[in-house]
Amino acid sequence: MKSRESHVRLKQFQVNEKTRQLGQIQLMMAEMEKMAAELEYQIAAEEKKAGNTDPSHFAYPTFAKAARQRADNLQTSIRELKVQLDAAELALEEAQAEFEKATALEERDAGHRSSRAV
């Protein structure tokens, strides 16, 4: 049946799309984690240079303050992406289950067609 074959292809496409989306989220998270780590390194260097590690002190370096805010924003974004990652993993599992079901139906129908042809 052509409709079952196209249904299987559709489900395969959906699995591929969900896998791609999952990979994109993971890549974004990794890039943000790298940027946050670089900012933390820059903050530590600036604090060492100024000899001041207290962000509430009046002489705390403004660059370190700004970098700390950017690092905090990145960490917030990473947490939000983690929620999206969990949802994407769940969606991928569902798509894979639907694909396996569609494949099993196609194989069953192919077996029926071949047994009728004999």
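Arg20 is partly exposed, with a relative accessible area of 39%. This residue belongs to a predicted model, in which 5 salt bridges are found.

- The side chain of Arg20 forms a salt bridge with that of Glu17, at 2.3 Å from N to O.
- Both Arg20 and Glu17 belong to helix α1, where 3 residues, or about one turn of the helix, lie between their positions.
- Glu17 is likewise partly exposed, at 24% relative accessibility.

- Lys11 and Glu98 are joined through their side chains by a salt bridge of 2.8 Å, N to O.
- Because Lys11 lies in helix α1 (residues 2-50) and Glu98 in helix α2, this pair ties together parts that are 87 residues apart in sequence.
- Lys11 is buried, with a relative accessible area of 12%, whereas Glu98 is partly exposed at 38%.

- Asp86 and Lys82 meet through their side chains in a salt bridge with an N to O distance of 3.0 Å.
- The two residues, Asp86 and Lys82, are 4 residues apart in helix α2, which means a separation of about one helical turn.
- Asp86 counts as partly exposed at 36% relative accessibility, and Lys82 is partly exposed with a relative accessible area of 39%.

**Ala91**
- Ala91 is located in helix α2, which covers residues 62-117.
- The relative accessible area of Ala91 is 21%, so this residue is partly exposed, given that buried means under 20%.
- Ala91 and Tyr41 are 50 residues apart along the chain, and their C-alpha atoms are separated by 36 Å.

Key
Residues are numbered from 1 along each chain as its sequence is written. This is a predicted model: local features need pLDDT of at least 70, side-chain atom pairs count only at pLDDT 80 or more; totals for chains, interfaces and linings use all residues. Side-chain values use heavy atoms; hydrogens and water are left out. Buried means under 20% relative accessible area, exposed over 50%, partly exposed in between (1.4 Å probe, protein chains only). A salt bridge is a side-chain nitrogen of Lys or Arg within 4 Å of a carboxyl oxygen of Asp or Glu.
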